[in-house]
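Subject: Structure for you to look at

Hi there,

Here is the structure I promised to pass on. My notes follow below it, so please have a look and tell me how they read to you.

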Amino acid sequence: MKPSSSSSPPPSISPSWRHWKYDVFLSFRGEDTRRTFTDHLYAALERAGVWTFRDAEGLRRGEYIAETLMCVILECRISLIVFSENYADSHWCLEELVQIMDCRRTQKQLVFPIFYHVVPSHVRKQVGSFGKAFEKHEAKLLTEGRDKIPRWRAVLREAASLAGFDIADRHEAEFINSIVDEICRRLTNTYLNLAVYPVGIDSRVEDISNSLCVGVGDDVRMVGIWGMGGSGKTTLAKAIYNKFYHHFDSKSFLADVRETAKDSRGKIYLQERLLSDVLTPTKIEVGHVDKGINVIRERLGKKKVLVIVDDVDHEDQLHALAISRESFGLGSRIIITTRDEHILELLKVDTVHLTREMNEEEGLELFSQHAFGKHSPDEDYIELSRRVVMYCGGLPLALEVLGSFLFKKSAREWESTLKKLENVPDVRIQSKLRISFDAIDESQKNIFLHISCYFIGMDKNYVMEILKGCGFYPETDISVLQQRCLVTVSEKNKLMMHDLLRDMGREVVREESPNSPERRSRLWRREDVIDVLTDESGTEVTEGLSLNLQRSESSDNMCTVSTKAFRNMKRLKLLQLNYLHLKGDYDNFPKKLSWLCLRGYSAQVIPIGFLNERKLVSIDLRYSNLELFWHTRRLVKLVILNLSHSRYLRQSSNFSQVPFLQYLVLKDCVRLSKIDESIGSLSGLALLNLKGCTMLKNLPEDFYKLRCVRTLVLSGCSRFKHLSTNIGNMTRLETLLISGTAISEVPSTVDNLKWLKFSSRHGLSGLQRHFHA
């Protein structure tokens, strides 16, 4: 038996998406019907599975209603008011009615009057027994409380005017059955159950509500809710449904479409579900997907409907459900939730809403509700809670899962859990996130894994060039990853990824060989990399390896590795060894590298055999001890060269050896005094960054003949005095940064450069485009 009353207050949440605690609240005059009609009605509702509250514990006290009872009314979807002969005699019955009618206005609660052997017009007009009751109230409330009487009269008129149930001459059992049937019918079309704690949903619902424009115009509007797994798309869609369903005579919420529509049988089920929801109580069997499409268009084409299609992952699912503006009547609103933005683009929705991650405050509240059952953590757990919230990165799914897992656990268990999560992500969270990964093709999976292990925070343009060198087609594939919310691109053009998606990708790699790192395709974990390099146990399975030490660690013994460690890594394409000292010859060094990142490289010159002229696309030797980069080595695929902060570099070498170089970054090379004239041969050069090269006085005249340069950075080149007048011929130049130079006058020919934005010593103007290195 479900409880008949409650002593706990409802959560403080907005009405349209509250977590309802009861289906029905029974309001009645105890002396009239408690042991007769109301008792029979309560029992019938309970037998029908309707969770009903009645005041079995005497929460009414004298002339006042206990605060707890007021809270209970707020927690009910429907109120049933049993108007009996002496109902209006009671002050607390009338006050209860005031609260109920207020909930009808503010909470969209359904209210049904039941006229139990009273005439509805007597209730509305307060005549008969209701009139006598008010005469008593007016006589008793001569001064204090008299202002309540007009309010009581108003709510009685309002409530008695609603469509309800009148027993008249009917048998009581038949009458009760009719009430129960109607309540059950209503409950199947009312609010959807949300998350227990829908924290932070108010503003998100408001954003989408503005796009839906419900009740404004007769157009058919389609809105998409897009986001990564676990970001709250379904909860948000349910909240929208709860807010607006009462504006539509016909509505349908089609949940979990991705799983349901895996075959034609599932698609048919969804078609019939949509038709049944909208045309209830009519049941239609379609039998075949193509027939179902036509039936939906024919039967629903003039219906004003609210339809939510949740968790779509392929356009075929929308096609099977005939989701288009032409399939539904004027004023309809269609909402689609998905992890794939491309589906929404194909559908040409009016607006796409990307789910927002929770901020720290929202995340802490949601986590606390699950971990402690209240809005904020226990005092002794505040810092631990903040660490968990930071790990979750604003993802509601993760906050709920970990909050529930840590409930009533000791601080020591919390510490152990956090330490474990650093190496082994929670399987419940990962399984949800992995759905998006499993849906993409092999090329896209490989690019995602490369990014998750090596390229987070790097310039998208640079990464695409490196991936091209690995044999991928990143323009299309990275776009797909973005559409599926697996990666994002920041305003500064950096590739970014949610930390939990990063962990999911790395876990996919770890699962290739859980106990043997040398058998994995990618190595990035410090302990694994050091073991493989120290033991010289690398194999040809490995395609990428990264050991990102700090400069302060470069003197440690572990930071010296023999080049023999790479002799079996025949397929290695991505290599990052920051502040690691290499010893030995380079005959065994990988020959298929596309990306070579050796920050803090200690040699003064590049040894013979070190660089592979056929494959290298990107070389990053920042903070190196190089005095000269190369002599005669020709690097025919090199696109990116970054020698920034190489404080001993005196001059650049012959650029004819790197004919396809596009990005040249020489920031803070403080001894660099000359750029070789051969730079004029780099017909594809797009970026030259010389920021902080304090010894540099000018650029070769041939440089100004280049047509592809878009960004030139000279900021901080304090001895640089003159720009050539030929700069006006650099027709693609968009960004010129010259603050902190000795340039006193910019040639008038820059006026030829229509799109140029530049900064000078007099201040920084807006930049149209800037490649950050």
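This is a predicted model: local features need pLDDT of at least 70, side-chain atom pairs count only at pLDDT 80 or more; totals for chains, interfaces and linings use all residues.

Residues are numbered from 1 along each chain as its sequence is written, and side-chain values use heavy atoms, with hydrogens and water left out.

Gln369 sits in helix α16 (residues 360–372); helices (H or I, at least four residues) and strands (E, at least two) are DSSP runs, numbered from the N terminus. Setting aside residues up to four places away in sequence, Gln369 touches Tyr197, Lys374 and His375, where contact means heavy atoms within 4.5 Å. Val658 is 289 residues from Gln369 along the chain, and their C-alpha atoms are separated by 59 Å.

His450 belongs to helix α21 (residues 442–455). With 2% relative accessibility, His450 is buried too. Neighbours within four places in sequence aside, its contacts are Phe455, Leu467, Phe472, Arg522, Glu543 and Leu574.

Two strands count as paired if DSSP finds at least two bridges between them. Strand β8 (residues 221–226) runs parallel to β11, with 6 bridges joining them, and Val223 stands opposite Ile335 in β11. Strand β10 (residues 305–312) also pairs with β11 in the parallel sense, over 5 bridges; here Val312 stands opposite Thr338.

**An open sheet**

There is also an open sheet of 5 strands with parallel pairing, in the order β2-β1-β5-β6-β7. Its edges are β2 (52–53) and β7 (165–166), each with a single partner strand, so one side of each has no neighbour in the sheet. Strand β1 (residues 22–27) runs parallel to β2, joined by 2 bridges, and Val24 stands opposite Thr52 in β2.

**The chain as a whole**

The chain has 25 helices and 28 strands. Its radius of gyration is 35 Å, well over the 28 Å that the globule rule gives for 773 residues, so the chain is more spread out than a compact globule (the radius is taken over C-alpha atoms, and the rule is 2.2 Å times the number of residues to the power 0.38). Along the principal axes, the C-alpha atoms fill a box of roughly 110 × 65 × 60 Å.

Of the 773 residues, 54% count as buried. Among contacts between residues at least 6 apart in sequence, 61% join residues at least 24 apart.

Do write back with any comments.

Best wishes

How values were computed. Buried means under 20% relative accessible area, exposed over 50%, partly exposed in between (1.4 Å probe, protein chains only).
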